[in-house]
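Please keep the sequence and the 3D view at hand while reading.

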Amino acid sequence: QLHSDQDKGDGSLKYILSGDGAGTLFIIDEKTGDIHATRRIDREEKAFYTLRAQAINRRTLRPVEPESEFVIKIHDINDNEPTFPEKIYTATVPEMSVVGTSVVQVTATDADDPSYGNSARIIYSILQGQPYFSVEPETGIIRTALPNMNRENREQYHVVIQAKDMGGQMGGLSGTTTVNITLTDVNDNPPRFPQSTIHLRVPESSPVGTAIGSVKATDADTGENAEVEYRIVDGDGTDMFDIMTQKDTQEGIITVRKPLDYETRRLYTLKVEAENTHVDPRFYYLGPFKDTTIVKISVEDIDEPPVFSRSSYLFEVHEDIELGTIIGTVMARDPDSTSSPIRFSLDRHTDLDRIFNIHSGNGSIYTSKPLDREISQWHNLSVIAAEINNPKDTTRVPVYVRILDVNDNAPQFAVFYDTFVCENARAGQLIQTISAVDKDDPLGGQKFFFSLAAVNPNFTVQDNEDNTARILTRRNGFSRHEISTYLLPVVISDNDYPIQSSTGTLTIRVCACDSRGNMQSCSAEALLLPAGLSTGALVAILLCIVILLVIVVLFAALKRQRKKEPLILSKEDIRDNIVSYNDEGGGEEDTQAFDIGTLRNPAAIEDKKLRRDILPETFFAPRRTPPAPDNTDVRDFINQRLKEHDTDPSAPPYDSLATYAYEGNDSIAESLSSLESGTTEGDQNYDYLREWGPRFNKLAEMYGGGESDKDAS
């Protein structure tokens, strides 16, 4: 309440209020000066308010006293409960932790004034989670309360913490929060195999590296604490099998290390150990952190393909062996206990020329064609072995055949030699150096000997003993006019066994040379030409001669062709040849193309006339053909003429088409046609057709009926 000394109680003064909350939160009675709060005041919103008050004359509105300032301070009461910043907390603690291990600290706040009473003094307590955890009342730190809590038994815990003000006394306000505590894993469990003995089976044909099975040890831990390493520590199959750890599944995969054989051994025993890779030293007392199991592996028998005695074969044979000679033998066996017989064969894709063959029973390879090292020095074959009882199971082996050289080729000149000797050559002059080659390849290398086939008065051969030889002259001077070319047979032989030799002939031309021995001309005719005639002129003359010869040959050919053109055929000739006129005929009514009268009267032919289409180069006297009898049929006549043509030596050496048209003799039934008849249509009587039988009834009706109709009309 505000009161002015000038206030006499007559209502002449007026109190006014200004400042924080004036008019809204605080109002003043302008007559009495009493200040009132309009609503509940919260200290947590604002702890104090600064106001200004003044008394003024109601009539003049002038202040009767100076303005005064005062502060309204709000006293706190316990109207706020403690609150946690998080509704749910999450925390972890390793399993097997000792008692008192700190887990997490939770802190609550109270909006009340901590300097006024115990309204903001907070005490923590645990409502849920005992006896596993405890909380410090003053700090809110949660700690473990039980020793050796095992994650494998229980992993999650829900703890409820209460915060209460007023120092935890009766009447204090409180708030709660939930803490989810998870026990983290430590390596406190060793791996364990679920079985003491494990049985596996594997086919004997399993290749190296094949996985035949797996083993797995269980570990109650998780993560890296459960990682296990597998190894084979003992057993009779340590050299036959391997084991590897598969990280994603933590399994031990057993694989084949060496090839297996059922016939050699059928059962293997392994001792497999599983051990943790990350061991915590704090828990050694719980160990050892490893376990073992026995793995028994049974080898299963299967029908295996044949096995060769070697992985490959190499045979060497001379190229001159006889056909059918055995060059080598491959051997294979059935590795199974049944020991089935083996059949051998050659893969013909490796022997396309079928030079070799193989005995199917014993594997002997022999030649079926001659060998030639100079054609092919190596032959790479593939031999197939298959069981007779099971031909599908096959095995291949490479066979390399090396063809050894035999001295079966004679040496020859290395190149073609164009040799000449100068007319002014002197005795002993070198005119050519020759060498030789040989297709054979002897072990000691090539060695050739050169000599003349016979003593030659003009030239000689001097062997250089280095597989070359020199051709030397034996006399002075040579003449192109006397002899322009010399042939010199040279014998070349080798030194291998058997000795092979050949004779090569050198063609030595005699040429004109300058003073230095350079060839100028080797043609003898060149000396007869004028001295001033150049090479271009000689070429022009030769071209003119060639052109004249071509013209003469063409003219003679044309003249000969004209002589062989066919002549005009006579109408009396009984043979018709096919002649192309390139014009259109007259059709069926054209009877001028040939005379068929001769065919109608075969007796009219007296002599066989010569062909006039081609003149015979050699004249043969015509033979007299006997006339055919009057009653001879045209068929006999044609056959007779055909026989004469076949035996006629003057006939042309090519086929000639002769056409013969002949109607034949009259029918005994006479003609049914009215053509060329001496009577008219009205004079004909066809009643006799009915007497000829049912085949002529139709004709009788046609012609006979016509007459009846005609008479009726």
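In which sense do strand 35 and strand 36 pair, and over how many bridges? Strand 35 and strand 36 (residues 501-513) pair in the antiparallel sense, over 9 bridges.

The model is predicted, with local features needing pLDDT of at least 70 and side-chain atom pairs counting only at pLDDT 80 or more, while totals for chains, interfaces and linings use all residues. Residues are numbered from 1 along each chain as its sequence is written, and side-chain values use heavy atoms, with hydrogens and water left out.

- Strands are DSSP runs (E, at least two residues), numbered from the N terminus, and two of them pair if DSSP finds at least two bridges between them.
- Strand 35 (residues 485-494) is mostly covered, with 7 of its 10 residues buried; buried means under 20% relative accessible area, exposed over 50%, and partly exposed in between (1.4 Å probe, protein chains only).
- With strand 36, strand 35 forms a hairpin that has 6 residues between the two strands.
- V491 stands opposite T503 in strand 36.
- Strand 32 (residues 448-452) also pairs with strand 35 in the antiparallel sense, over 5 bridges, and L452 stands opposite V490 in strand 35.
- In a regular strand the side chains alternate between the two faces of the sheet.

**Sheet 7-10-9**

- This open sheet of 3 strands has antiparallel pairing.
- Strand 7 (102-105) and strand 9 (133-135) stand at the edges with a single partner strand each, so one side of each has no neighbour in the sheet.
- The twist averages 25° from one strand to the next, where axes are lines fitted to C-alpha atoms and angles run from 0 to 180 degrees between N-to-C directions.
- Strand 7 and strand 10 (residues 141-144) pair in the antiparallel sense over 3 bridges, and S102 stands opposite R143 in strand 10.

**Sheet 21-28-27-24**

- Here 4 strands form an open sheet with mixed pairing.
- At the edges stand strand 21 (313-318) and strand 24 (342-346), each with a single partner strand, so one side of each is left without a neighbour in the sheet.
- Neighbouring strands of this sheet are turned by 30° against each other on average, direction ignored.
- Strand 27 (residues 378-387) pairs with strand 28 (residues 394-404) in the antiparallel sense over 9 bridges; the bridge partner of W378 in strand 28 is R402.

**Aromatic pairs**

- The count comes to 14 aromatic pairs, under a rule that pairs rings of Phe, Tyr and Trp (its six-membered ring) if their centres lie within 6.5 Å; planes under 30 degrees apart count as stacked, over 60 as edge-to-face and the rest as tilted.
- Y132 and Y157 form a tilted pair, 5.0 Å centre to centre and with 50° between the planes.
- Y132 lies in the loop between strand 8 (123-128) and strand 9, and Y157 in strand 11 (residues 156-164), so the pair ties together parts that are 25 residues apart in sequence.
- Y132 is partly exposed, at a relative accessible area of 28%, whereas Y157 is buried, at 5%.
- Y313 and F315 form a tilted pair as well, 6.1 Å centre to centre with 35° between the planes, and both residues are buried.
- One aromatic cluster is formed by F308, Y313, F315 and F344.

**Cavity**

- The structure holds 1 cavity of 30 Å³ or more.
- The residues N407, D438, D440, P442, Q446, K447, D494, N495 and D496 line the largest cavity.

Terms used. 1 Å grid on protein atoms, 1.4 Å probe; cavity = no way out; pocket = protein on both sides within 12 Å on 5 of 7 lines; lining within 4 Å. Points joined across faces, edges and corners; volume = space filled by probe spheres on them.
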